[in-house]
Amino acid sequence: MVETVQQVLGFDDIDLASNRLNQLTQKQKNELAEKAKSHKSFNTTLGVIIAVIFGGALLTGLGAPILATVGGSLLESGEVTPEALISLIPIVCMVLFFLVIFGGILIVVLRVVFERANRKVDTTVRRAEGKVNLVWVEKQERNTTKTGPMYKTVRVLEMRIGGETFNVSHDLPNVINQGEEWIFYYTKHPFKFLSAEKLAKGE
């Protein structure tokens, strides 16, 4: 069975007719709402995990030297001696220094994550029109495996049309030919291809 662009992008004639009028069908509204909800939940969960893991590790790593010094003094003399307190001064200064540096970095990372989670939804129907240019490009991605280099090279299929560039699925070249003129309707955030139509020659 030969796939069609409707099957690859998941739309029907009713969707296309509405998108031509810069409108969304109820089905598309529901899909976008669910996608936006999922995006927000993912980034919120990610932010909480980062805060718990790295915040806990930061406090533990910085608090350990202080506890070790106080504990050692208690074991040796049964009390916290003035000498132990004096020896804590450079440790406390070092702890505060690293707390400010790494705490600041953690705050910046969390701010970015939560800003992404609370990014304003933009479901305005947009269109990209022109000749389709499908290009394979190589990009660097973080290697999530425990072996090998930190980054790995991956091949990504890009579609360039009407001054816009989109990452597209590998199925798209099966239904769209290089150089054909198309109109693609899409939303920006969350991103979704809503529908598409091929332009007849002369239009």
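Phe193 is buried, with a relative accessible area of 10%. Buried here means under 20% relative accessible area, exposed means over 50%, and partly exposed covers what falls in between, using a 1.4 Å probe and protein chains only. The structure is a predicted model, in which local features need pLDDT of at least 70 and side-chain atom pairs count only at pLDDT 80 or more, while totals for chains, interfaces and linings use all residues. Residues are numbered from 1 along each chain as its sequence is written, and side-chain values rest on heavy atoms, with hydrogens and water left out.

Rings of Phe, Tyr and Trp (for Trp, the six-membered ring) pair if their centres lie within 6.5 Å; planes under 30 degrees apart count as stacked, over 60 as edge-to-face, and the rest as tilted. That rule gives 7 aromatic pairs. In one of them, the ring centres of Phe191 and Phe193 are 5.1 Å apart and the planes stand at 75°, so this pair is edge-to-face. Phe191 is partly exposed, at a relative accessible area of 30%. Both residues belong to one aromatic cluster, together with Phe166, Trp182, Phe184 and Tyr186.

Stepping back to the whole chain, there are 4 helices and 6 strands. From the N terminus on, the order is α-α-α-α-β-β-β-β-β-β. Buried residues account for 32% of the 203 residues. Contact means heavy atoms within 4.5 Å, and among contacts between residues at least 6 apart in sequence, 59% join residues at least 24 apart.

The strands next. Strands of a sheet pair through backbone hydrogen bonds, either parallel or antiparallel. Two strands are taken to pair if DSSP finds at least two bridges between them. S1 and S5 are joined by 6 bridges in the antiparallel sense, and Lys131 has Glu181 in S5 as its bridge partner.

H2 itself spans residues 13–20, and Asp15, Leu16, Ser18 and Asn19 are buried in it. They cover an arc of only 165° around the axis, which puts them on the same side of H2; the arc is that of the directions from the helix axis to the C-beta atoms. The face turned away from that buried side carries the exposed residues Asp13 and Ile14. At the start of H2, a side-chain oxygen of Asp12 comes within 3.1 Å of the backbone nitrogen of Ile14. Just after the helix, Asn22 takes a positive phi of about 60°.

A polar atom of the Thr187 side chain lies 2.8 Å from the backbone oxygen of Pro190. Beyond its neighbours within four places in sequence, Thr187 is in contact with residues including Leu24, Leu32, Asp122 and Lys192. Pro190 sits in the loop between S5 and S6 (192–198) and is also buried, at 5% relative accessibility. Pro190 and Lys35 are 155 residues apart in sequence, yet 6.6 Å apart in space, C-alpha to C-alpha.

The other open sheet described here has 3 strands in the order S2-S3-S4, again with antiparallel pairing. S2 and S4 (164–167) stand at the edges with a single partner strand each, so one side of each has no neighbour in the sheet. The twist averages 40° from one strand to the next. S3 (residues 151–161) and S4 are joined by 4 bridges, and Ile161 has Glu164 as its bridge partner in S4. Arg142 belongs to S2 (residues 133–142) and touches Met150, Tyr151 and Lys152, leaving out residues up to four places away in sequence.

Conventions. Polar contact = N/O pair within 3.5 Å; in protein donor to acceptor, adjacent residues only side chain to side chain. Helix = DSSP H or I, 4+ residues; strand = E, 2+ residues; numbered from the N terminus. Axes fitted to C-alpha atoms, helices over the stretch in contact; angles between N-to-C directions.
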